[in-house]
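Let's take a walk through this one together. Have a look at the sequence and the fold first, and then we'll go through it piece by piece.

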Amino acid sequence: AVVLTRAGRVPRLLLSLAAMAAWAAPAMTGSTVWMFLFDADLGLVNQILGVEGFNWFYDRWVTFGVVGVTVVWHSFPFVMVTLYAGIQAIPGSVLEAASLDGASAWQSFWRIIVPMLRPLITIVVIQSIIWDFKIFTQIYVMTNGGGIAGQNSVLNVYAYQTAFGSSEYGLGSAIGVVMTLILLVITLFYIRAIHRNGERL
């Protein structure tokens, strides 16, 4: 978001289009592309790093890291656009006054921009947690249903496999109810943050 405020018109347009393309890409398509990039034999990442044959989807935490990168790539444009709008709403006179007082760009960022964006950052973080809590496609596709012996399974995948894979619909429903309660608590924090920001629902 800060880069967009400092970039020229054409670079800003290109960066925005690239970000929107990542946001608009279906989760299935994005997951497949990232799987190909991290493929052990043909992956571009292994060729660049010079670690041919390294399986990124074997170790539990490495796999979660790759999936996490994919999720961030797919969801960061929303955060970027939201914070960019927040930065644009900051009066230019405030930043100009700070510059006249001798504040560097780094000091202006941490002491003016970030504090003024704190309510918006809080809302974006909570909303991202709500969205990311419901991730299913990336995990299911990139780990082939939860990884080796289910080591990369999350609640969504586990509920799906329990209900439709093992035909234990009662347990699958119970997991869904627990997830709903967790999301309800997070949503309450989200609503509280909105009210603190002075917005109406």
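When we talk about axes here, we mean lines fitted to C-alpha atoms, for helices over the stretch in contact, and the angles run from 0 to 180 degrees between N-to-C directions. Helices (H or I, at least four residues) and strands (E, at least two) are DSSP runs, numbered from the N terminus. What you see is a predicted model, where local features need pLDDT of at least 70, side-chain atom pairs count only at pLDDT 80 or more, and totals for chains, interfaces and linings use all residues. Residues are numbered from 1 along each chain as its sequence is written, and side-chain values use heavy atoms, with hydrogens and water left out.

Let's begin with the records. UniProt, in an unreviewed entry, marks residues 1-190 as "domain: ABC transmembrane type-1". It also gives the annotation "signal peptide" to residues 1-24, again from an unreviewed entry. UniProt positions are given in the numbering used here, feature names are shortened, and annotations may be inferred rather than shown by experiment. In the model, residues 1-190 are 76% helix and 0% strand, with the end C-alpha atoms 22 Å apart. Residues 1-24 come out at 88% helix and 0% strand, and their end C-alpha atoms lie 18 Å apart.

Now for how the helices pack. Two packed helices are described by the angle between their axes and the distance between the axes. Take α5 (residues 60-89) and α7 (residues 105-133): their axes come within 10 Å and cross at roughly 150°. That makes α5 and α7 roughly antiparallel to each other; angles under 35 degrees count as roughly parallel, over 145 as roughly antiparallel, 65 to 115 as roughly perpendicular and the rest as oblique. The crossing of α5 and α7 is right-handed, where right-handed means the near helix is turned clockwise from the far one by less than a right angle, and left-handed means anticlockwise.

Helix α5 has another partner in α3 (residues 27-37): they pack at about 135°, with axes 10 Å apart. So α3 and α5 are oblique to each other, and their crossing is right-handed. Ala27, Gly30, Ser31 and Trp34 in α3 meet Val69, Thr70, Trp73 and His74 in α5. Those residues divide into 4 nonpolar, 4 polar and no charged.

Further along, look at the loop between α8 (137-142) and α9 (155-165), where you'll find glycine 146. Is glycine 146 buried or exposed? It is buried, with a relative accessible area of 0%; buried means under 20% relative accessible area, exposed over 50%, and partly exposed in between (1.4 Å probe, protein chains only). Leaving out residues up to four places away in sequence, glycine 146 touches Ile139, Gln151, Asn152 and Ser153. Asparagine 144 lies in the loop between α8 and α9 too, but asparagine 144 counts as exposed, at 71% relative accessibility. Its phi is near 55°, a positive value in a residue other than glycine.

Serine 167, in the loop between α9 and α10 (169-196), also has a positive phi, near 60°. At 46% relative accessibility, serine 167 counts as partly exposed.

Technical notes
Contact = heavy atoms within 4.5 Å. Nonpolar A, V, L, I, M, F, W, Y, C, P; charged D, E, K, R; others polar.
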